[in-house]
Each structure stands twice: as structure tokens, then as C-alpha cells.
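Here's a walk through part of a fold, one piece at a time. Keep the viewer open and follow along.

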Amino acid sequence: MVNTAVNLCGVGLDNPILAASGTFGYGYEFAELYDINCLGSFSFKGTTSQARTGNPQPRIAERPQGMLNAVGLQNPGVEAVISQELPKLAQVFHKPVMANVSGFSIDEYAETCRLLDAQPQVGWLEVNISCPNVHGGGMSFGADPALAAQVVKAVKAVTTKPVIMKLSPNVTDIAAIAKACEDAGADGVSLINTLLGMRIDLKSRKPLLANTTGGLSGPAVFPVALRMVYAVYEAVSIPIVGVGGISSAEDVLEMLLAGATAVEIGAANLVNPYACRDIIAALPEAMEKYGIQNLSDIIGGAH
């Protein structure tokens, strides 16, 4: 019998499969389709201090092997998440959940994290300093090691739970950003967020997305994400959550060999709402095929 359990920043997971923020809502929609407690956990929809309606339409564009999104962090705000979303989530998911947090200032990051840290359902804080689809926040913090470190220090000063910094691939040296986060006290990093891209509408001859650019996700970005996880593993000693284009149990194994402790599955959920469940079910057979008894034994095994 193979063992799929891993430990993420001191919190045990039955398996390393997490649903990524932005594609799994607050869980209860998917709970109507299957028992989401089969997941290791999931990262709920990106939360900001105040409610956001997001970017104007159109904000989704499809491509073979991927999609562009410029949703723009649409969410009801942290107070509504705590008072309305988390109680509904507690009825269908009985494990620690990852809270994904975005902000437009260091103080906003800290305050939103402080409020979510106090919620018993929250096991980790995933601090998004990498969103390419909002102006004046998010990615501006993730592109500068010094600013990234400031966010880490501010959040760690007001929280007690593990802080995992979500990093952008749209930088020159993602390993340097990860090291700055580790040095500032981050408990882990997750990578990658989406790659910046665009489409042009041939009829109007203008950008297809109202935001002009959007974030590319899906299977096309997997090799990029894998390479970045591999590079960051060489630079830091804190756990890594691998994200980007994962769509099979074999992809999960590759990510762990590159250095990830756990993985997040995003765009695949929009193509097949059972994707996470199916990958979890396929994982033991894939482990047996490649002679893997304990998943935790292969973390970083490709180095």
C-alpha cells in the first residue's frame, strides 16, 4: 500500500493535491459534485480587504492547451468571506483550508491576513504578491525582493499560522524573490502564478480582453512552472507548493521530484470539475508504476 501523505509547513495532508485559488471558489459548489474532503486541501478564492467587482468583460480567452484570464480578483471582501463564505464551507469541508490573500498596500495585506488568521478553518495563509491582472497592487510587490520581504514581515508580525508567499513567473529571477521571502520569515512559497499574455480579436483588430492582457494558465505553462520550482528548490529550504498546468498524476510526481511538497491544480478544474478527484484517485497507481512507496521520499529527488 503506497503512502500519499505529505506535511506542508507543519500541517499534515492526506495527499499533496490542493485545488488552486480562483478555480475552486469557496468549495461548496464543487461539493455538490463530489466529496471534496478527498483533497489534501484547497486555496479559496483570492480575498481582499474590500469587495471587488473585478475587471470589465470580456475577461476570459481560450487557447489550445491553455486560457487567459483577467478576472481581477473579484471577491466579496474579507468581512463577507468570514461571515458568509467560511460558515458555508465548514458544512462541506472538514480539513484546514488555505486562505488566499491579495492587497494593494502592505498594511492591507497585513490586516486581511490578521483577520483570516483568527479563523479556525484556516490552516495556511497564501499571500498573493503575483496577480498580473490588477493595477497598482499584487505583482508590484512580487517583482521586487525588498518589497516582497516587507510584505512577509508585516504579515508574519500579525499572524500565527504558516505564511506561504505566492510568486510571479513574470520576473527576471524568481529564485531571488523566493530567497528574500524565506529570509524575511516566510514559511513556504507557492509558484507559479499565471504568465502574462494577450490575444487580439481579428474582427475588431483590438485586444480581445478588456484589460488588454491576462494571465495564461493550463497545460502549456507546466514546463515553465516545473523549471521554476526546480530553480527555487535549489535556492531555499522552505516548502514549495508547485502550481501551473498540472493535469495528471504523472505531472504531480514530476512536480514533487522538482522540489514541490504539494501541488495546486487550477485551470484543469475549469475543463473538468472532477479533475482533482480523478488525479487523487490515479495517484497510487502512478506511484506503483514508478516504484514509489512514500510520496514524501521523492520531494526534490531530481536534484
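V127 sits opposite M165 of strand 9. That pairing belongs to strand 8 (residues 122–128) and strand 9, which run parallel and share four bridges; strands count as paired if DSSP finds at least two bridges between them. The model is predicted, with pLDDT of at least 70 needed for local features and 80 or more for side-chain atom pairs, while totals for chains, interfaces and linings use all residues. Numbering starts from 1 along each chain as its sequence is written, and side-chain values use heavy atoms, leaving out hydrogens and water.

Strand 9 (residues 163–166) points V163 and M165 one way and I164 and K166 the other, with all of them buried (under 20% relative accessible area, 1.4 Å probe, protein chains only). Strand 10 (residues 188–191) is parallel to strand 9, joined by three bridges, and G188 in strand 10 is the bridge partner of I164.

Now hop over to helix 7 (residues 222–235) and helix 8 (residues 249–258), which pack at about 25° with axes 8 Å apart. So helix 7 is roughly parallel to helix 8 (angles under 35 degrees). Helix 7 brings F222, A225, L226, V229, Y230 and Y233 to the contact, and helix 8 brings D251, E254, M255 and A258; contact means heavy atoms within 4.5 Å. Sorted by class, that's eight nonpolar residues, two charged and no polar.

Methods:
Axes fitted to C-alpha atoms, helices over the stretch in contact; angles between N-to-C directions. Helix = DSSP H or I, 4+ residues; strand = E, 2+ residues; numbered from the N terminus. Parallel < 35°, antiparallel > 145°, perpendicular 65-115°, else oblique. Nonpolar A, V, L, I, M, F, W, Y, C, P; charged D, E, K, R; others polar. Buried < 20%, exposed > 50% of the residue type's maximum accessible area, 1.4 Å probe, protein only.
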